[in-house]
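Could you walk me through this structure, one selection at a time? I have the viewer open and I'd like to know what to click next.

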Amino acid sequence: MYACSMAAGSNPVPKKRLATRTVPARRVDTILAEHRADSEPLAFVKIDVQGCEFSVCRGLTAALERSPGAAVAIEYAPVEIEEQGGDPRELLDFFRERGYTVHLLTKDGRSRLLTASVLGSALERRGYADLLCLPHGTA
């Protein structure tokens with residue numbers, strides 16, 4: 001189980017009022033197999049788990065491998081990832097190593113190919129970035 005704290009900016013409950021509860025962690029690939037949904041390709045996945053996105057992605061590898069057209073939206077918050085003991089670069093590398101291009105989703109509904117300067121600007125403004133990971137050639 002990866003114990004993920006709630007970010008104060010995304011939860012109206014102050015951190016000091018939150019209790020810690022341990023729950024079993026399950027791989028998405030396992031859950032899909034148990035429900036016999038592992039033969040169907042995925043079209044879209046949204047992941048927003050307060051800094052634990054890389055852990056979720058590791059449990060989603062089989063589903064992504066059989067879903068070559070799946071788009072994945074993630075909230076990328078490097079500070080939260082580091083608070084959970086992770087390396088923010090691992091999350092971006094996870095997708096790039098699988099042939100995805102990573103795009104920044106803007107507030108006006110557009111997307112921009114992610115570069116270091118585009119990401120840096122978004123993180124400077126908000127502390128996080130909404131990203132869309134698309135299989136190469138689908139952008």
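**Stop 1: the whole chain**

Before you click anything, keep in mind that this is a predicted model. Show the cartoon and follow the chain from end to end: the secondary structure comes to six helices and five strands. Starting at the N terminus, the elements run α-β-α-α-β-α-α-β-β-α-β.

The protein has 139 residues, and buried ones make up 35% of them. If you look at contacts between residues at least 6 apart in sequence, 68% of those contacts join residues at least 24 apart.

**Stop 2: helix H6**

Select residues 116-126, which is helix H6. Which residues of H6 are buried? They are Val118, Leu119 and Ala122. Turn the view until you look down the axis of H6: the buried residues fall within an arc of 95°, so they line one face of the helix.

Next, look at the face of H6 that is turned away from the buried side. You'll find the exposed residues Ala116, Ser117 and Glu124 there.

What covers the buried residues of H6?

- strand S2, residues 71-76
- helix H5, residues 88-96
- strand S3, residues 100-105
- strand S4, residues 111-113
- strand S5, residues 129-135

Before you leave, click Gly127. This glycine follows H6, and its phi is positive, near 85°.

**Stop 3: the nonpolar core**

The largest nonpolar core has 26 residues. Select Leu64, Val72, Ile74, Phe95, Leu114 and Leu131, which are the ones with the most contacts inside this core. Which elements give two or more residues to the core? They are strand S1 (44-47), helix H3 (61-65), S2, H5, S3, H6 and S5. H5 gives the most, with four residues.

Zoom in on Leu114. Setting aside residues up to four places away in sequence, Leu114 touches Leu92, Arg96, Val102, His103, Leu104, Leu119 and Leu131.

**Stop 4: Ala129**

Now pick Ala129, which lies in strand S5. Is Ala129 buried or exposed? Its relative accessible area is 0%, so Ala129 is buried.

Show what is around Ala129. Leaving out neighbours within four places in sequence, Ala129 is in contact with Ile74, Glu75, Tyr76, Leu104, Leu119, Ala122 and Leu123. Try the distance tool on one of these pairs: Ala129 and Leu104 are 25 residues apart in sequence, but their C-alpha atoms are 6.8 Å apart in space.

**Stop 5: two cysteines**

Select Cys57 and Cys133. How many disulfides are there? The count comes to zero. For Cys57, the nearest cysteine sulfur is that of Cys133, 7.5 Å away.

Cys57 counts as buried, at 0% relative accessibility. Cys133 is buried too, with a relative accessible area of 1%.

**Stop 6: salt bridges**

Side chains of opposite charge can pair when their charged atoms come close. In this model, the count comes to five salt bridges. Here are some of them to visit.

Start with Asp29 and Arg27, whose side chains meet in a salt bridge at 3.8 Å, N to O. Asp29 is buried, with a relative accessible area of 13%, while Arg27 is partly exposed at 42%.

Move on to Asp108 and Arg110. Their closest N and O atoms are 3.6 Å apart, and they form a salt bridge. Asp108 is exposed, and Arg110 is as well.

Finish with Asp130 and Arg126, another salt bridge, with the closest N and O atoms 3.9 Å apart. Asp130 is partly exposed, with a relative accessible area of 21%, and Arg126 is partly exposed at 29%.

Key: Residues are numbered from 1 along each chain as its sequence is written. This is a predicted model: local features need pLDDT of at least 70, side-chain atom pairs count only at pLDDT 80 or more; totals for chains, interfaces and linings use all residues. Side-chain values use heavy atoms; hydrogens and water are left out. Buried means under 20% relative accessible area, exposed over 50%, partly exposed in between (1.4 Å probe, protein chains only). The arc is that of the directions from the helix axis to the C-beta atoms. Contact means heavy atoms within 4.5 Å. A disulfide is a pair of cysteine sulfur atoms within 2.5 Å. A salt bridge is a side-chain nitrogen of Lys or Arg within 4 Å of a carboxyl oxygen of Asp or Glu. A nonpolar core is a set of buried Ala, Val, Leu, Ile, Met, Phe, Trp, Tyr and Cys residues joined through side-chain atoms within 4.5 Å.
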